[in-house]
There are 4 protein chains.
Amino acid sequence: MANSEFGYVRNFEQPDALPPSNWIVVRIDGRGFTKLCKKYEFEKPNDRRALDLMNAAAVEVVRSFVDVVLAYGQSDEYSFIFHESTTLFERRAAKLATSIATAFTAEYCMQWPTFFPADQPLARPYPTFDGRCVCYPKRKILRDYLSWRQADCHINNLYNTTFWNMVLKGGMSNTEAEQALKGTVSADKNEILFSRFGINYNNEPLIYRKGTVVYRSYERNSVQNGEGSRIEAAPPTSKTQLEKERKRKQKATVAVEHVDVIGDAFWEAHPYILASKGGDSSDK
Amino acid sequence: MANSEFGYVRNFEQPDALPPSNWIVVRIDGRGFTKLCKKYEFEKPNDRRALDLMNAAAVEVVRSFVDVVLAYGQSDEYSFIFHESTTLFERRAAKLATSIATAFTAEYCMQWPTFFPADQPLARPYPTFDGRCVCYPKRKILRDYLSWRQADCHINNLYNTTFWNMVLKGGMSNTEAEQALKGTVSADKNEILFSRFGINYNNEPLIYRKGTVVYRSYERNSVQNGEGSRIEAAPPTSKTQLEKERKRKQKATVAVEHVDVIGDAFWEAHPYILASKGGDSSDK
Amino acid sequence: MANSEFGYVRNFEQPDALPPSNWIVVRIDGRGFTKLCKKYEFEKPNDRRALDLMNAAAVEVVRSFVDVVLAYGQSDEYSFIFHESTTLFERRAAKLATSIATAFTAEYCMQWPTFFPADQPLARPYPTFDGRCVCYPKRKILRDYLSWRQADCHINNLYNTTFWNMVLKGGMSNTEAEQALKGTVSADKNEILFSRFGINYNNEPLIYRKGTVVYRSYERNSVQNGEGSRIEAAPPTSKTQLEKERKRKQKATVAVEHVDVIGDAFWEAHPYILASKGGDSSDK
Amino acid sequence: MANSEFGYVRNFEQPDALPPSNWIVVRIDGRGFTKLCKKYEFEKPNDRRALDLMNAAAVEVVRSFVDVVLAYGQSDEYSFIFHESTTLFERRAAKLATSIATAFTAEYCMQWPTFFPADQPLARPYPTFDGRCVCYPKRKILRDYLSWRQADCHINNLYNTTFWNMVLKGGMSNTEAEQALKGTVSADKNEILFSRFGINYNNEPLIYRKGTVVYRSYERNSVQNGEGSRIEAAPPTSKTQLEKERKRKQKATVAVEHVDVIGDAFWEAHPYILASKGGDSSDK
């Protein structure tokens with residue numbers, strides 16, 4: 001057959017399965033969002049509509065990829081956490097990264113009209129997102145990853161909030177504000193915000209200060225059917241059970257919260273999110 | 001700073017730059033397109049609107065990624081060829097694959113209403129595409145890759161054309177047609193098409209038999225300004241030249257053709273497509 | 001300079017640093033040892049001199065690579081475990097594998113005359129070993145790796161002991177013995193050994209049944225200076241401390257034991273071997 | 001079986017086959033040879049015995065690995081070139097690098113007494129070599145790699161020859177010589193050698209200036225049986241033919257030469273060394 005002469009080219013595909021027993025983070029980042037912000041006149045320092053759209057897109061991605069245990073987003077980035085035991089796409093890196101990134105992109109484009117006015121329809125170049133997989137071998141390190149993103153959110157937001165108040169309310173030029181902030185620490189920026197603009201940073205909306213956590217919530221169900229605590233008691237083994245489990249997850253409420261994930265409180269309140277599958281041995 | 005405590009997690013990102021002096025193919029494939037075909041009642045064996053949409057999306061991707069020298073598509077897949085000398089995204093595999101795949105996805109979703117009727121708007125799950133990078137170390141092997149995809153297009157289309165004629169016009173069930181075609185070779189299928197349905201396969205539209213080639217065409221310009229033959233004579237070196245080159249490419253006509261790429265004719269007619277950059281040494 | 005014209009070829013070297021916070025196993029295997037066994041008439045089923053030579057080589061490798069926390073050997077293979085926190089050679093896989101494999105090979109060749117008679121000097125082809133790195137993300141999985149090798153040792157040794165007794169004492173041909181053992185389970189082999197040859201397998205030498213564990217032993221020191229329990233209390237931080245630590249390890253007694261590593265007893269008796277460095281967080 | 005419980009650990013081994021149709025270079029480097037030079041009082045700037053030992057070891061490695069088409073060595077390093085079509089060890093990187101490195105190490109250790117006096121036997125730490133694989137996608141780039149190493153040999157040898165003459169004959173301290181050579185170009189060093197020490201650098205032994213090339217030479221055979229030019233005419237296909245080919249290679253004379261490999265002369269005189277296997281398509 002004509003095909004067989006050329007089939008050898010398949011041998012150039014390199015395997016890219018990620019190592020087992022590692023948490024997989026797929027982080028996506030908006031491509032060229034600085035230009036996009038200007039084009040659609042996003043509000044500064046934060047555009048609530050743009051963040052709501054990011055979160056709405058993330059909710060649908062979490063809903064459709066049942067092996068994602070949690071997602072965390074801020075600014076124009078989102079991190080999707082696959083359970084360390086996932087076998088989705090045989091853990092192939094390219095397939096995981098492109099599937100998540102294109103699903104997010106499709107949602108972002110299609111939901112745009114829900115969040116932005118009709119006189120601001122999407123025009124080319126359309127919003128797109130690059131993505132990559134990173135493996136974290138231990139639960140503790142995965143949590144440090146999430147802490148890193150949330151700390152980054154805080155640092156950037158404090159800076160941006162101060163900067164844009166100096167520019168928009170304080171009448172400074174961008175360069176003047178930049179100069180004025182050079183070398184300042186958090187306390188300095190808090191002080192500037194409070195003394196010059198009457199803003200108590202800690203009263204700023206949580207969505208800006210903490211970013212957004214998206215996860216499947218079983219709490220409401222638990223209350224209703226009283227079986228919440230047994231949900232992860234035994235890993236599903238048969239095919240029927242796995243399918244049942246998948247459907248259960250697809251129907252689960254997807255929670256969207258702006259909470260601290262650096263401390264232990266969130267994790268202690270939702271122990272099932274990072275729970276081991278199939279026994280307690282996987283992280284010892 | 002709070003961030004520094006967690007910054008170590010960055011060390012878990014693995015480098016993924018593809019080796020220099022290799023042609024990079026980013027192939028994307030529709031995810032779950034069998035279901036999509038049913039949902040929107042795509043015509044069998046080929047839905048012209050769906051193929052036109054694929055090609056329209058590919059044209060925009062080629063236009064915006066100036067390092068793509070050619071793209072080839074058939075069915076729900078598209079291959080984008082980056083020149084072996086590209087340094088886009090420092091040749092990082094994840095960035096290349098996700099950028100192409102999300103750009104294609106965005107175009108596919110946004111251009112959908114241009115090709116499908118208003119009573120068939122996109123509904124969830126939205127169309128998405130997975131993608132991967134493959135490196136080809138020599139021009140000859142890259143051409144064999146394209147031949148492989150085009151031979152695959154031919155084989156599938158001959159089968160599908162015969163199968164669906166047997167079902168739609170011949171009144172067979174899917175299972176009956178499948179059984180009848182088991183073990184047949186190309187000549188058998190050609191004969192079935194001709195004797196039973198009066199179809200000369202070679203008169204079927206080229207877009208179905210050959211798939212689609214998309215590339216930047218400099219011919220028209222050449223005629224106009226008489227400098228076509230010098231286009232690749234010297235590689236751009238300075239930053240200004242590179243920027244000029246990029247703009248020239250973005251403005252170039254993007255050709256969409258349904259031609260044979262297995263033989264030499266196409267390549268001899270467009271020698272600049274796979275031409276070396278910066279001297280003739282790169283493929284010796 | 002002449003060199004700069006060609007220096008670009010360095011860009012073809014791909015980075016190969018192994019991900020942080022993973023235990024690194026370098027396993028080496030004798031190349032073509034079946035032929036070697038015949039050439040030097042190794043005793044069947046086990047040649048004590050050959051095993052002693054393997055162990056003597058391993059001791060020197062463990063002594064000189066202070067980041068190796070334990071080695072396990074059986075037959076013509078040896079696994080060297082690097083602590084998950086090692087930064088030796090920046091964790092580059094090729095450098096780790098080749099350094100260990102060549103150090104072992106040099107020791108094996110140079111120590112050969114100590115274990116084999118003068119009328120059996122090494123002749124070409126000289127003994128060599130291939131090697132590879134494998135990453136294990138958790139202590140539990142690393143222990144399962146060691147259990148896998150030790151279980152393999154047991155299974156092979158039970159088979160070989162039975163097989164060679166049937167051949168050497170039972171007068172069977174190799175083929176007859178092979179046939180007779182087909183489909184037998186452990187109990188069958190134990191029974192054959194006992195009833196036909198009066199051998200209680202459990203009384204066979206431990207070195208054959210369990211393989212060999214090599215590790216740095218701090219017990220003797222501990223008894224002498226009473227500080228054993230504090231050895232890993234704080235990770236060394238300054239350069240001087242690190243150097244001191246390295247010297248301490250180089251001077252430590254290297255223990256060679258034929259003990260069970262599948263159960264917990266060995267690990268509980270030597271908790272420092274797999275202890276975390278720098279705090280207790282690394283495996284949570 | 002006990003083993004099956006632990007067998008899952010095999011899934012942590014990552015595939016490492018190098019991409020097809022790339023020339024594979026395994027370069028090995030002496031580990032800690034600065035210390036070794038001092039310990040055995042190697043002569044400066046070049047120790048002929050040490051170089052002869054390196055070359056003798058390389059000859060045996062080339063002889064036993066028939067897929068190595070050429071090796072190039074200088075100082076304490078050696079590069080072994082595998083034909084781009086090799087399938088040895090399924091092109092697995094770790095296996096290739098460790099097999100070459102341990103074979104070289106064994107030869108180096110075992111042949112030591114042939115080149116060094118009996119009162120300088122090898123003592124621990126024994127000489128070892130690290131190694132790595134690098135892929136080169138085109139013949140031209142492979143040649144540039146070899147040119148890079150030979151240019152490096154020249155640059156280092158010119159420097160070292162000048163430096164050590166200044167120290168050993170010129171009575172300078174190491175620091176003084178180093179200072180004096182700072183910023184000098186080749187012409188300066190040639191001048192220093194000639195005017196101060198009466199040395200015409202171009203008359204220095206070729207082995208020091210060019211390094212060493214090792215390859216299978218078919219010339220003598222050709223003269224004898226007149227079939228030299230047909231040697232690579234057709235690739236061996238059947239198993240018997242392959243085995244015959246392997247034996248022919250093992251018996252071939254291994255040439256050891258100190259010649260220029262930067263220019264074309266060497267390659268034109270030995271076209272079979274980098275010739276394609278199985279037709280001329282592989283490098284187009």
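Copies are superposed by least squares on the C-alpha atoms of residues with pLDDT of at least 70 in both. In this predicted model, chain A can be laid on chain B with an RMSD of 0.0 Å, by a turn of 180° and a shift of 0.0 Å along the axis. The two copies are thus related as by a two-fold rotation axis. The same surface serves both of them, since 100% of the contact residues of chain A recur in chain B.

Ile262(A) and Ser147(A) are 115 residues apart along the chain, yet their C-alpha atoms are separated by 4.8 Å. With a relative accessibility of 32%, Ile262(A) counts as partly exposed, because this value falls between the limits of 20% and 50%.

In chain B, strand β4 (residues 129-136) has eight of its eight residues buried, so the strand is largely enclosed by the rest of the structure. Phe129(B), Gly131(B), Cys133(B) and Cys135(B) point one way from β4(B), while Asp130(B), Arg132(B), Val134(B) and Tyr136(B) point the other way; all are buried. Strand β1 (residues 23-30) of chain B runs antiparallel to β4(B) and is joined to it by eight bridges. Within this pairing, Cys135(B) is the bridge partner of Ile24(B).

In chain D, the axes of helices α3 (residues 48-64) and α4 (residues 93-115) come within 8 Å and cross at roughly 135°. This angle makes α3(D) oblique to α4(D), and the crossing is right-handed. Residues of α3(D) that meet α4(D) include Arg49(D), Asp52(D), Leu53(D) and Met54(D), and among their counterparts in α4(D) are Phe104(D), Tyr108(D), Trp112(D) and Phe115(D).

Several backbone features occur in loops. The peptide bond between Lys44(A) and Pro45(A) is cis, with omega about 0°, and Pro45(A) is found in the loop between α2 (33-39) and α3 (48-64) of chain A. In chain B, a cis peptide bond with omega near 0° leads from Lys44(B) to Pro45(B), and Pro45(B) lies in the loop between α2 (33-39) and α3 (48-64) of that chain.

Arg91(A), although not a glycine, has a positive phi of about 60°. Arg91(A) is placed in the loop between β3 (77-82) and α4 (93-115) of chain A and, at 7% relative accessibility, counts as buried. Ser21(D), also not a glycine, has a positive phi of about 55°. Its place is in the loop between α1 (2-6) and β1 (23-30) of chain D, and Ser21(D) is buried, with a relative accessible area of 13%.

Conventions
Residues numbered from 1 in each chain as written. Chains lettered and ligands numbered in written order. Predicted model: local features only at pLDDT ≥ 70, side-chain atom pairs only at ≥ 80, totals over all residues. Heavy atoms only, no water. Buried < 20%, exposed > 50% of the residue type's maximum accessible area, 1.4 Å probe, protein only. Helix = DSSP H or I, 4+ residues; strand = E, 2+ residues; numbered from the N terminus. Pairing = 2+ DSSP bridges. Contact = heavy atoms within 4.5 Å. Axes fitted to C-alpha atoms, helices over the stretch in contact; angles between N-to-C directions. Parallel < 35°, antiparallel > 145°, perpendicular 65-115°, else oblique. Left-handed = near helix turned anticlockwise from the far one by under 90°.
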